Amino acid sequence: MNLLVADIGGTNARFGFIKNVNSELKFINHFKCKDFNNIDDALNLYINNNKINIDNMVLSVAGPCTNNIVKLTNNKWEFNKTELLKKFNLKSFLAVNDFVAQGLSFTEFFNSKETSYSKKNLDKFNLKIIKKGKSIKNSNLLVTGPGTGLGVCTLTSVDNSVFPIEGEGGNVNFPPQNKTEIELLEFLLKEKSYVSIEDLVSGRGLQNIYKFKNVKNKLNFKNLDPSEIGKLALKNDKIAKESVQLMFAILGTSISNNILINGCQKGVIIAGGIINKLDSLLCESNFFYNLTNKGKYKNYIDNVPIFFSKDENSGLKGSVECFNNKNFTKYRTIYNIKE
């Protein structure tokens with residue numbers, strides 16, 4: 001097997017290795033993408049540092065992966081699938097969207113017959129419950145979350161196999177829900193012709209909202225990193241805290257829209273580093289109001305349970321699931337056929 005898996009976003013790249021089907025993930029390394037000119041350099045450093053031989057590779061990356069040339073959405077890296085296959089002398093190579101891997105990491109949870117809120121069951125899947133509901137077992141599961149961008153994936157079942165509905169859900173247009181959000185949209189439209197929901201619910205989204213809040217209040221401010229804004233918010237800095245709360249409110253809108261579009265009544269799992277660092281502020285925001293503000297479909301949304309994922313390596317585990325998923329092995333994996 002000798003499988004290398006990776007979870008690569010706009011900021012961070014995580015790598016892991018599995019020796020065979022009965023092995024656990026090992027040699028888990030975290031790199032900063034900005035420290036490397038290209039993905040080849042990061043892969044070579046990981047392989048050489050851990051002294052491993054690679055036969056197969058699955059890369060989950062933040063961006064579309066259907067073409068042979070893959071360009072990351074919020075990262076300067078790009079690569080050619082067939083060239084990587086040959087460069088690393090692989091038997092097989094697969095590239096998938098990072099939130100497809102995130103989604104498939106919850107394959108066992110998706111296949112479970114009942115949704116239990118017991119601590120034992122939640123710990124088994126590294127989940128934290130934020131809203132209970134009446135999970136519909138034969139429905140779909142939404143996996144989404146903000147990081148450098150906003151990932152969206154829906155899990156469904158086809159022929160008794162888990163199938164991910166992938167896309168670029170973070171790049172749909174931003175739908176404001178109230179006067180403040182309309183003002184925010186108008187503010188951003190002064191600088192760009194198209195505003196996606198990812199422009200508000202992501203690292204750069206938090207920066208955009210923070211700038212808007214400061215300008216609206218006629219305050220002098222610094223262009224802070226998202227992590228710095230988050231730290232200020234946790235220290236009860238008024239503008240930073242309001243910025244995080246507004247971002248979470250808009251996340252509520254995004255989640256409810258995706259629930260309705262794909263019928264995700266089994267549940268919602270929110271993943272991504274931003275949530276795990278700032279989840280204490282979610283209940284102080286209008287997240288739940290925006291989530292259920294759907295007119296006659298309020299109860300439809302309110303019945304859906306919502307969880308946080310606490311597992312920072314779920315993307316790596318999902319990449320392993322992709323390696324074994326028959327949809328990918330048949331239609332998406334490329335193989336080194338030697339004559």
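Colleague: Which residues does Lys294 touch, not counting residues up to four places away in sequence?

Modeller: This is a predicted model. In it, Lys294 touches Thr253, Ser256, Asn257, Leu260 and Ile301, with residues up to four places away in sequence not counted.

Colleague: Where is Lys294 placed?

Modeller: Lys294 is in the loop between helix 11 (287-292) and helix 12 (298-302).

Colleague: Is Lys294 buried or exposed?

Modeller: Lys294 is buried, yet has no salt bridge. The nearest side chain of opposite charge is that of Glu181, 9.4 Å away, and a salt bridge requires the nitrogen and the carboxyl oxygen to lie within 4 Å. The Lys294 side chain does make a polar contact with the side chain of Asn257, at 3.2 Å.

Colleague: Turning to salt bridges, how many are there?

Modeller: The count comes to 15 salt bridges. One of them joins Lys238 and Glu242, with the closest N and O atoms 2.8 Å apart. These two residues are four apart in helix 9 (residues 238-262), so about one helical turn separates them. Lys238 is exposed at 54% relative accessibility, whereas Glu242 is partly exposed at 23%.

Colleague: Which residues are linked in a network of salt bridges?

Modeller: Lys192, Glu198, Asp199 and Arg204 are linked in such a network. Within it, the side chains of Arg204 and Asp199 meet at 3.1 Å, N to O.

Colleague: And what is the relative accessible area of Asp199?

Modeller: Asp199 has a relative accessible area of 3% and is therefore buried. Arg204 is partly exposed, at 27%.

Note on methods:
Residues are numbered from 1 along each chain as its sequence is written. This is a predicted model: local features need pLDDT of at least 70, side-chain atom pairs count only at pLDDT 80 or more; totals for chains, interfaces and linings use all residues. Side-chain values use heavy atoms; hydrogens and water are left out. Buried means under 20% relative accessible area, exposed over 50%, partly exposed in between (1.4 Å probe, protein chains only). Lys and Arg count as positive and Asp and Glu as negative; His and the chain ends are not counted. A polar contact is a pair of N or O atoms within 3.5 Å; within protein, one must be able to donate a hydrogen and the other to accept it, and residues adjacent in sequence count only if both atoms are side-chain atoms. Contact means heavy atoms within 4.5 Å.
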